[in-house]
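Please keep the sequence and the structure in view while reading.

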Amino acid sequence: MPGENRFAIGAGVVALVAGIAVLAAAGGGTAATIAAAMLFGISGIAFVSLVFLIVGQSEERDRRRRPGG
């Protein structure tokens with residue numbers, strides 16, 4: 001697995017766990033709920049970016065295998 005993939009997975013997991021921790025520790029405060037939502041959003045962005053990265057990598061591998069199309 002390339003390093004870029006590991007980074008995207010790590011960033012997504014860290015943001016997700018941090019969002020859950022903030023939400024659990026806050027007990028329903030407005031600022032904590034907003035912070036948790038932001039962390040969940042960052043996590044979602046990281047995971048969607050990972051999907052696009054994996055698709056792009058597979059296209060590059062296909063182009064290398066068949067240079068003429």
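Two residues are said here to be in contact when heavy atoms of theirs lie within 4.5 Å. The model shown is a predicted one, and every value below is computed from it.

The secondary structure of the protein chain amounts to 2 helices and 0 strands. Its radius of gyration is 17 Å, well over the 11 Å that the globule rule gives for 69 residues, so the chain is more spread out than a compact globule. Along the principal axes, the C-alpha atoms fill a box of roughly 60 × 15 × 10 Å. Buried residues account for 16% of the 69 residues, where buried stands for a relative accessible area under 20%. The accessible surface comes to about 4900 Å², and 72% of that surface belongs to carbon and sulfur atoms. As for charge, the chain carries 6 positive and 4 negative side chains, and the centres of these two sets lie 5 Å apart.

Helix α1 takes in residues 3-26, and at 1.5 Å a residue its 24 residues should span 34 Å, which agrees with the 34 Å between its end C-alpha atoms. Just after α1, glycine 27 adopts a positive phi of about 75°. Helix α2, covering residues 30-65, has 36 residues and reaches 53 Å from its first C-alpha to its last, close to the 52 Å expected at 1.5 Å a residue.

How do the two helices meet? In α1 the residues Asn5, Ala8, Gly12, Ala15 and Gly19 are buried, and the buried residues of α1 pack against α2. In α2 the buried residues are Ala32, Ala36, Ser43, Ala46, Leu50 and Gln57, and what covers them includes α1. Among the contacts in the chain between residues at least 6 apart in sequence, 60% join residues at least 24 apart.

Three of the buried residues show the packing in detail. Alanine 32, which is found in helix α2, counts as buried because its relative accessibility is 16%. Leaving aside its neighbours within four places in sequence, alanine 32 is in contact with Val22 and Ala26. The C-alpha atoms of alanine 32 and glutamate 59, which are 27 residues apart along the chain, are separated by 41 Å.

Glycine 19 has its place in helix α1, and with a relative accessible area of 0% this residue is buried. Between the C-alpha atoms of glycine 19 and isoleucine 54, 35 residues apart along the chain, the separation is 25 Å.

Glutamine 57 is likewise found in helix α2, and its relative accessible area of 17% makes glutamine 57 a buried residue. Not counting residues up to four places away in sequence, glutamine 57 touches Pro2, Glu4 and Asn5, and Asn5 is one of the buried residues of α1.

Conventions:
Residues numbered from 1 in each chain as written. Predicted model: local features only at pLDDT ≥ 70, side-chain atom pairs only at ≥ 80, totals over all residues. Heavy atoms only, no water. Helix = DSSP H or I, 4+ residues; strand = E, 2+ residues; numbered from the N terminus. Rg over C-alpha atoms; globule rule 2.2 N^0.38 Å. Buried < 20%, exposed > 50% of the residue type's maximum accessible area, 1.4 Å probe, protein only. Areas by Shrake-Rupley, 256 points an atom, 1.4 Å probe, with all protein chains shown as cover. Lys, Arg positive; Asp, Glu negative; His and termini not counted. Charge placed at Lys NZ, Arg CZ, Asp CG, Glu CD. Expected span 1.5 Å × (residues − 1).
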